[in-house]
Amino acid sequence: MAKDNNKMKAGDIELKDRLVAVNRVTKVTKGGRTFSFSAIAVVGNENGIVGHGLGKSLEVPGAIQKAIDDAKKNIVKIPVINGTIPHEQYGKYSGARVFIKPASSGTGVIAGGAMRAVLESVGIHDVLAKSKGSSNPHNVVKATMDALMKLRDARMVAKDRGIDVQKVFRG
C-alpha cells in the first residue's frame, strides 16, 4: 500500500477541476420518488498535483461543488518526468484494475473516460493506459489514483535506500 507522505494542502495552488461523472440516484418512499445526485470530480494543477472527490446533493450544481471541495482536500503529489510517468504500474480498487505505462514524446494520453480525466489533471501528456474489470467511474478513478501514488522516481528510490541518486542508475 502507498504511504500518505505525499499528501499536500490546496492553499495557494492554482487548481483546474474536471467533472468525471454525475449519477442520478432514486429513493422510493411512501410519498413517491426522491431524486438526488452524486458527482465525482478531479482537480489538478497539470504539474504533478492531483486530487479526487465525491459530492452528493439534491441538485446537480450542489453535488459538483461538493465533489470539487472534497477533491481539494485529497490532494497528492505525483512524480512526472518529461510529461510521462517514471515506470509501469498497476493499480486496483474494488473491481477496477488499471495499468499505466510510460510512452515516448508525442504519443498523447491513450486512456478512456475516467482515467483520462485523472491523467490529464496530473499533467501527464504521454502515457499508455488500460482499464480492466469494472468500468464504474468511481472505482476507475480510485484505481488510477492508487497506481499513480505507487509511482516512485529516482530521488525517492535513492532516499528510501539511503544512497546517492547516481548509484540508483549504476545498480
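1. Asp153 has a relative accessibility of 14% and so counts as buried; buried means under 20% relative accessible area, exposed over 50%, and partly exposed in between, with a 1.4 Å probe and protein chains only. Its side chain meets that of Arg155 in a salt bridge, 3.6 Å from N to O. Arg155 is exposed, with a relative accessible area of 61%. A salt bridge here is a side-chain nitrogen of Lys or Arg within 4 Å of a carboxyl oxygen of Asp or Glu.

2. A note on the basis of these values. The model is predicted: local features need pLDDT of at least 70, side-chain atom pairs count only at pLDDT 80 or more, and totals for chains, interfaces and linings use all residues. Residues are numbered from 1 along each chain as its sequence is written, and side-chain values use heavy atoms, with hydrogens and water left out.

3. The whole structure holds seven salt bridges. One of them pairs Arg18 with Glu46, with 3.5 Å between the closest N and O atoms. This pair links distant parts of the chain, since Arg18 is in strand E1 and Glu46 is in the loop between E2 and E3, 28 residues apart. Helices (H or I, at least four residues) and strands (E, at least two) are DSSP runs numbered from the N terminus. Both partners are partly exposed, Arg18 at 24% relative accessibility and Glu46 at 29%.

4. Arg18 also forms a salt bridge with Glu120, at 3.7 Å from N to O. That pair too links distant parts of the chain: Glu120 is in helix H2 (residues 113-122) and Arg18 in strand E1, 102 residues apart. Glu120 is partly exposed, at 26% relative accessibility. Through shared partners, salt bridges join Lys16, Arg18, Glu46, Arg116 and Glu120 into one network.

5. Helix H1 covers residues 60-73, and its 14 residues should span 20 Å at 1.5 Å a residue; the end C-alpha atoms are 20 Å apart, which agrees. The expected span is 1.5 Å times one less than the number of residues.

6. Which residues of H1 are buried? They are Ala63, Ala67, Ile68 and Ala71. They lie on the same side of H1, because they cover an arc of only 135 degrees around the axis, the arc being that of the directions from the helix axis to the C-beta atoms. An α-helix has 3.6 residues a turn, so residues three or four places apart point the same way. Pro61 and Lys73, on the other side of H1, are exposed. The buried residues pack against strands E1 (16-29), E2 (32-44), E3 (49-57) and E4 (75-77).

7. Within H1, Ala63 is buried at 0% relative accessibility. Leaving aside neighbours within four places in sequence, Ala63 is in contact (heavy atoms within 4.5 Å) with Phe37, Ser38, Ala39, Gly55, Lys56 and Ser57.

8. Thr84 lies in the loop between E4 and strand E5 (89-93) and is buried at 11% relative accessibility. A polar atom of the Thr84 side chain lies 3.3 Å from the backbone nitrogen of Ala103. Not counting residues up to four places away in sequence, Thr84 touches Pro102, Ala103, Ile124 and Asp126.

9. There is one aromatic pair, where rings of Phe, Tyr and Trp (its six-membered ring) pair if their centres lie within 6.5 Å, and planes under 30 degrees apart count as stacked, over 60 as edge-to-face and the rest as tilted. The rings of Tyr90 and Phe99 have centres 4.7 Å apart and planes at 40 degrees, so the pair is tilted. Tyr90 is exposed at 52% relative accessible area, whereas Phe99 is buried at 16%.

Note on methods
A polar contact is a pair of N or O atoms within 3.5 Å; within protein, one must be able to donate a hydrogen and the other to accept it, and residues adjacent in sequence count only if both atoms are side-chain atoms.
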